[in-house]
Amino acid sequence: MSTDKQIARSVCPLDCPDTCGLQVTLKEGRISKVDGDPDHPITQGTICHKVRHFPNRVYHPDRLLYPMKRVGPKGEGVFERISWEEALNEIVTRFKETIRDYGAESILPYSFYGNMGLVSNGGMDRRFFHRLGASRLKRTICNTAGSEGFQYTMGVPGTVDPEDTVHSRYIILWGGDFVSTNMHQMIFLKKARQRGAKIVTIDIRRTRTARWADEFVQLYPGTDAALALGIMNIIINEGLTNDDFIQTFTTGWKAFQERVKEYPPDAVARITGVPADTIQRLAYEYAKTSPSLIRIGNGLQHHDNGGMTIRTIACLPALTGQWKYPGGGALKGNGFFSVNKERLERPDLLPNPEVRSINMNHLGSVLLTAEPPVKCLFVYSSNPAVVAPDQEKVIRGLLREDLFTIVHDLFVTDTAKYADLILPATSHFENLDVYKSYWHLYVQLSRPVIPPQGEAWSNHYLFQTLANKMGFTESCFQDEPEEMIRQILDNPDNPYMKELSYEQLQKEGIVKLDHKKAPIYPDHLSKPEGKINLFSNTMKSRGMDPLPSYAPVKEGRDGTGAYQEAYPFMLISPPNHQFINSSMGNISNLRKMERKPELEVHPTDAQNIGLNAGDIACVKNHRGSCLLTVKVTEDVLPGVVVAPGLWWHDAHPARKGGINRLTPDREADMGGGAVFFSTAVTVEKKTSP
Ligand SMILES: Nc1nc2c(c(=O)[nH]1)N[C@H]1C(S)=C(S)[C@@H](COP(=O)(O)OP(=O)(O)OC[C@H]3O[C@@H](n4cnc5c(=O)[nH]c(N)nc54)[C@H](O)[C@@H]3O)O[C@H]1N2
Ligand SMILES: Nc1nc2c(c(=O)[nH]1)N[C@H]1C(S)=C(S)[C@@H](COP(=O)(O)OP(=O)(O)OC[C@H]3O[C@@H](n4cnc5c(=O)[nH]c(N)nc54)[C@H](O)[C@@H]3O)O[C@H]1N2
Ligand code: SF4
Ligand SMILES: [Mo]
C-alpha cells in the first residue's frame with residue numbers, strides 16, 4: 001500500500017440543503033475518493049452518488065484551466081488561450097470605457113449558488129460591483145417567493161431543527177422530491193417511521209419520494225393553497241382545533257375562519273383533483289396526530305401563486321398547536337444563521353445608492369431592452385443559458401455583438417460559449433471557506449485540500465485582484481479569506497451566533513448554532529406582532545390580501561379547472577436525481593444514469609397525440625420549443641407533462657437548447673420569485689428531422 005495516502009475533511013459546496021461533511025482521500029496529492037464524513041452529525045458517513053463522482057469533476061478533461069478569449073462567432077465556443085494579465089487588462093479597459101460612455105449601470109453582475117461557500121458566493125464580488133457602481137442583481141431564481149410567504153405567517157425564517165424531526169409522528173412532505181434533493185432528511189424520517197410515524201407525500205408527480213412514502217396524494221399543479229385551505233376547513237368544522245394555542249399565539253382567528261369557509265371539501269376537490277374523502281381523511285389524520293410536521297419543498301413556490309401557497313400552508317400547524325412540540329410545526333429552511341450583510345457586502349461603497357436593481361429572472365428581456373443598455377455582463381457561479389427562464393430571449397441577448405460578456409466558471413458551460421472572455425475558477429477543494437446549510441443548523445469550515453488547478457482563481461481572488469487593478473484603495477479590498485470568514489461569523493445581532501468564532505471552527509471544524517438560545521417553541525414565534533399571523537397586518541399595509549387564499553396560476557388550468565385551448569398541457573421541469581441544477585450535467589457517468597432529457601406523458605395523452613415511448617416530442621408554446629424523448633407513464637396526471645433535469649444543451653436532440661426555452665420570466669406573487677412550473681405547452685410528435 002502506498003504510504004502517501006492522506007485523509008482530509010471538506011464540505012460539499014453544491015446548492016443542496018444537506019451541506020454534507022466530506023471525507024477526501026488523497027493519493028500523491030490528488031483526490032482519489034470522496035466519501036461522507038463519518039463524524040459529521042448529519043451526514044454520518046453517507047453522501048449522494050453525485051458527489052462520489054467529484055474527482056471526475058475536479059480532474060475533468062474539459063476543466064477550464066486558463067483564461068481564454070473568443071476567436072469565433074458567439075455561441076460556437078471557439079476560444080484561444082491568453083494570459084491572466086491580458087484578460088485583466090481587457091476587463092479593466094472595457095469597464096472604464098463602458099462607464100465613460102454609458103455609465104456604470106451598464107455593467108451587470110450575474111451570479112448564483114454554483115458554490116455555496118459564504119466567502120465564494122457573496123463577499124469580495126459584492127464589494128467590487130458596489131464600488132464600481134454597477135447595476136445590482138436581485139437573486140430571485142430559487143426561493144424568494146416562498147421565504148417571503150413563510151415569513152408573513154411566521155414572522156421568523158427559522159423554525160424546526162431537522163434533527164428534531166425524528167420525533168414527528170405524522171409527516172407531510174409537500175412539494176419536494178426529498179429522496180433526490182435532501183437525502184439526509186429522509187434518514188431522519190426513516191427513524192421517525194421506525195418509531196411509528198406515517199409519511200404522506202403531496203406532489204403533482206409520483207416521485208421517488210412519493211414511492212417511499214406511506215401515502216401519495218397527487219394534485220393538479222399550482223393548487224396546493226386550495227388543498228391547505230380545504231384541510232383547514234375540515235379541521236375547523238370537525239372541532240379539531242387547539243383553541244388555547246390559537247388564542248394565545250395567533251392573530252385574526254375570526255376573519256381567518258370566515259375565509260376558510262370559502263373552501264369546502266367538494267370545491268377543493270374540483271380545484272385540486274384530490275377526492276373529497278381523501279381530503280377529509282388527510283385533515284383528520286393530520287389534526288389528530290402530534291407532533292405533526294410539514295416539510296415544505298421548493299417546488300411549490302415556482303408557481304405564480306407560490307408565495308401565498310407557502311404562506312397558507314404555514315398556517316396549518318398553528319390550528320392544532322403543533323409548534324409546542326419538538327418535531328412539530330413546518331420546516332422550510334434554516335433561518336437561524338444570518339450574516340451582517342452591511343459589513344460583508346459593503347453597499348455603502350455604492351457611488352449612487354439609487355442604482356437600478358435587476359431581477360435575475362428577467363435576464364433575457366434586460367439584455368434585449370434595458371435602458372441604459374447592459375453593455376458588460378459578468379457571469380460567475382451560475383449558468384443562465386441553461387437555468388434562467390425564457391431561454392430563447394436569454395440566448396438572443398447573449399448573441400448581441402455589442403455586449404461584452406465575461407464568464408468565470410470551472411467549465412465552458414452553455415453560457416460560457418457566448419462569452420468574449422472565459423476565466424478559470426477553482427473548485428471548492430482549492431479554497432478556504434465557511435459553509436452554512438439552508439436546512440440543518442451546523443456551520444462548517446473547509447480548508448483547501450489541493451492547490452489551484454492550472455491557472456484557476458477563486459471568486460475571492462478574482463474580484464480582489466480586479467479591485468486592485470481598477471485602483472480601488474479602500475482597505476476592505478485587502479481582506480483575505482480568513483478575515484472575511486471572521487466578518488461573516490461576527491453578527492452580534494443574531495442570538496444564535498453569539499459564541500461562534502473562527503477559532504472554534506478551526507478547532508472543531510463543525511459547530512451547531514445554538515437555537516436553544518432563543519427557543520422557537522413557542523415564545524419566539526413571530527415578529528413584529530409577536531404571534532403567528534393568520535391575518536397579516538404587514539400584508540395588508542402592502543396592499544396584499546391579508547388572509548390565506550388560493551388564486552389559479554396564470555397558464556394552464558383556469559379557476560374552473562378548464563385548460564387553455566392553445567396550450568393544453570402544464571409542463572413541470574423539476575430537478576433530477578444525478579445533477580444539481582446544471583452542475584454535474586457534464587459528468588458522463590451521471591449523464592448515462594439519467595439517460596437523456598425525457599418528457600413524461602400520461603398513457604391517455606400519449607394515445608391521443610399518437611406518441612409512443614422513445615419518440616421525439618416537440619414541446620412548444622409562444623416562447624419557444626424543446627425536443628425531448630417520450631416516456632409514457634402513469635406517474636403523471638393527464639394534462640400534465642414532466643421534464644426532469646436541467647440538461648446541457650448538447651444533450652437535447654438537435655442540440656437546440658433546453659427546457660427553459662418554454663418557461664415564463666414572469667414574477668411570482670411575492671419576492672420577485674421565478675415561476676418555472678407555471679408553464680403551459682402543446683405537445684406534438686416530431687416527424688421531420
Ligand atoms: N438531486 C438534486 N438535488 C437538488 C437539486 C438538483 O437539481 N438535483 N437542486 C437543489 C436546489 S437549487 C433546490 S432549490 C432544491 C429543490 O428541491 P425541492 O425542495 O425538492 O424542490 P423542487 O425539486 O424544486 O420541487 C420539485 C418537486 O415539486 C413538485 N411540484 C411541482 N409543482 C408542484 C405543485 O404545484 N404542487 C406540488 N405539491 N408539487 C409540485 C415536483 O413534481 C417535484 O417533485 O434541491 C436542491 N437539491
Ligand atoms: N426549468 C427549471 N429551471 C430552474 C429550476 C427548475 O427546477 N426548473 N431550478 C432553479 C433553481 S431552484 C436554481 S437554485 C437555479 C440554479 O442555477 P445556478 O445557480 O446557475 O446553478 P448551476 O446550473 O448549477 O450553475 C452553477 C455554475 O457555477 C459554476 N461554479 C461552481 N463553483 C464555482 C465557483 O467557485 N466559482 C465560479 N465562478 N463558478 C462556480 C458551476 O460550474 C456551474 O456552471 O436554477 C433554476 N432553474
Ligand atoms: S449534493 Fe447534497 S447530498 Fe450530495 S454530498 Fe452534496 S450536500 Fe450531500
Ligand atoms: Mo434552488
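Reader: How many salt bridges does the rule find across the interface of domain 1 and domain 2?

Author: Two salt bridges turn up across that interface. This is a predicted model, where local features need pLDDT of at least 70, side-chain atom pairs count only at pLDDT 80 or more, and totals for chains, interfaces and linings use all residues. Side-chain values use heavy atoms, leaving out hydrogens and water, while residues are numbered from 1 along each chain as its sequence is written and chains are lettered from A, with ligands numbered from 1, in the order in which they are written.

Reader: What makes the meeting of D161 and K512 a salt bridge?

Author: The rule wants a side-chain nitrogen of Lys or Arg within 4 Å of a carboxyl oxygen of Asp or Glu. The side chains of D161 and K512 meet at 2.7 Å, N to O, so the pair passes.

Reader: How do you know that domain 1 and domain 2 are in contact?

Author: Contact means heavy atoms within 4.5 Å. Eight residues of domain 1 pass that test with 13 residues of domain 2. Between these domains there are also six residue pairs in polar contact, both residues at pLDDT 80 or more. (A polar contact is a pair of N or O atoms within 3.5 Å; within protein, one must be able to donate a hydrogen and the other to accept it, and residues adjacent in sequence count only if both atoms are side-chain atoms.)

Reader: Why is the area between domain 1 and domain 2 called buried?

Author: Because it is the accessible area (1.4 Å probe) that two parts lose on being put together, summed over both. Here the value is about 760 Å², with carbon and sulfur atoms giving 51% of it.

Reader: What makes β1 and β2 a pair?

Author: Strands (E, at least two residues) and helices (H or I, at least four) are DSSP runs, numbered from the N terminus. Two strands pair if DSSP finds at least two bridges between them. β1 and β2 (residues 21–27) have seven, in the antiparallel sense, so they qualify. Along this pairing, R9 stands opposite Q23 in β2.

Reader: Why are β1 and β3 said to stand at the edges?

Author: This open sheet has the order β1-β2-β3, with antiparallel pairing. β1 (5–11) and β3 (30–36) each have a single partner strand, so one side of each is left without a neighbour in the sheet. On average, neighbouring strands are turned by 30° against each other, direction ignored. (Axes are lines fitted to C-alpha atoms, for helices over the stretch in contact, and angles run from 0 to 180 degrees between N-to-C directions.)

Reader: How do you know that β4 and β17 pair?

Author: β4 (residues 68–70) and β17 (residues 421–424) share two bridges, in the antiparallel sense, so they meet the rule of at least two. M68 has I422 as its bridge partner in β17. Both strands belong to an open sheet of six, ordered β5-β4-β17-β16-β15-β6, with mixed pairing.
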